[in-house]
Amino acid sequence: LEQLVATLTAQVEMLTKQVEVLSERLGRNSSNSHLPPSSDPPGRTASNTTNTKSKSKPKGKRKRGGQRGHRGAHRALVPEEQVDQFEHLFPEQCENCWARLPKVPDPRAKRYQVTEVPPVKPHITEYRRHAVVCPDCGHNTRARYDEPIPSSSFGPRLMSTIALLTGIYNLSRRKAATLLSDMYGVQISLGAISAIEARASEAVKPPVQEVCDHVERAAVKHTDGTSWLQSGILLSLWTIATKEATLFKIVANGSSATLKPMFGALKGILVSDRAGALNFWAMKQRQICWAHLLRKFVSFSEREGRAGAFGCDLLNYTGILFEYWHDYKAGKLDQQTFRIWMTPVRKQMEELLGKAVAANIERLSGSCANILDHKDALWTFLWHDDVEPTNNHAERELRAFVLWRRSSFGTQSERGNLFAERMMTIGHTARKQGKDVLAFLTACCQAYQSYTAAPSLFQAGKAAAA
């Protein structure tokens, strides 16, 4: 009987641990793990799954729409030189004596503008190679083929439009073909779209290399990765983002050996999560994302016992950190005061993490030990004003690619990978540079067809590409 009791007791302990682990896994959402907000099921968002242990008072539910005191958004009138047509309206009679009024322009006339899109018809150019009989010898000579006739049946603007639809707005080729037919009256096959994608990918190759060189030299860069599929095979998608540019790369895996060449010379400060694959970067030149740590601490706080208590304390210190940071960015604190106020927070946070490690709590102490291993990378933002304590920038840049993966299940070939990463690189970087994405793609396709140098993404300031 004693042996049976001991056996059953051991089983109960084992099953209790399993239930605790599975319950914790079942309760994961975007607020306490790396899961994106889109993974939260309907009716179970981060806001209504937060543990009641949190000391913050729930805010009242706001009504939909603009809030009290909100100024609202109003459409601004475009300059007169951009207006295509003017309609002048004059009163016919005086509203006081009913006399007829002359049509005298009013310099302070009330202005109203209506924007319309004109009907679009494709512009088709037909080249005809005529043959002429020589009056002297009677030889029949036909006009040369290679001089004026383009090598493609589609012009550079149509090529760039297709690349924009499938490579940046992530439409399927079938939907892109349907849209071109409905909006422009252009009939095109799926195979032709695929061939255009290949040419557009080659056309933007030089500007993409320009982005690679830029992010390599950047003083501060953000990076993040996620999974990608090629014909059902699991690959890894990574981004390196700065204030001026964003680079995307689809690589075989997320190992250190694969990622290190992607960064080139290891220059500047790298903002990221605690991914072990990034440990080739000097720890003192890194900044660990506190948003990731915040979600980890939330998961701790939702547990029972000492783990929950440690989680709540870690959350409190992290809340103070972000409160000071936001006040500093809002101009409420100067730099010196901000650093002075953060000194005790830093000390107490590290001491608390040390206590959590010493407590030897399963699924908590190990994580806290790993965080302390990155101690030199936790506070870089205190000494570099252009470094943020979160990696939200890289996560936002990666989000568009994640949505593409969800809708298309990845790509089917290496050529598709190159097209995807190059187009998304051009789209995100061109917007950061204030350039018209379609105009820039058109300029790249024109240069490609005419065998001239591709335009630069970073020259001429924020002027749009011609």
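A residue is called buried when its relative accessible area is under 20%, exposed when it is over 50%, and partly exposed in between (1.4 Å probe, protein chains only). By this criterion, buried residues make up 37% of the 466 residues in the chain. The structure is a predicted model, in which local features need pLDDT of at least 70, side-chain atom pairs count only at pLDDT 80 or more, and totals for chains, interfaces and linings use all residues. Residues are numbered from 1 along each chain as its sequence is written, and side-chain values use heavy atoms, with hydrogens and water left out.

The chain holds 13 helices and seven strands, assigned as DSSP runs (helices H or I, at least four residues; strands E, at least two) and numbered from the N terminus. Its radius of gyration is 31 Å, well over the 23 Å that the globule rule gives for 466 residues, so the chain is more spread out than a compact globule. That radius is taken over C-alpha atoms, and the rule is 2.2 Å times the number of residues to the power 0.38. Along the principal axes, the C-alpha atoms fill a box of roughly 115 × 85 × 50 Å. Of the contacts (heavy atoms within 4.5 Å) with a separation of 6 or more, 61% join residues 24 or more positions apart.

Two residues other than glycine have positive phi. Phe409 has phi near 60 degrees. It lies in the loop between α11 (392-408) and α12 (414-432). Phe409 is exposed, at 60% relative accessible area. Tyr451 has a phi of about 60 degrees and sits in the segment after α13 (437-449). Tyr451 is also exposed, at 75%.
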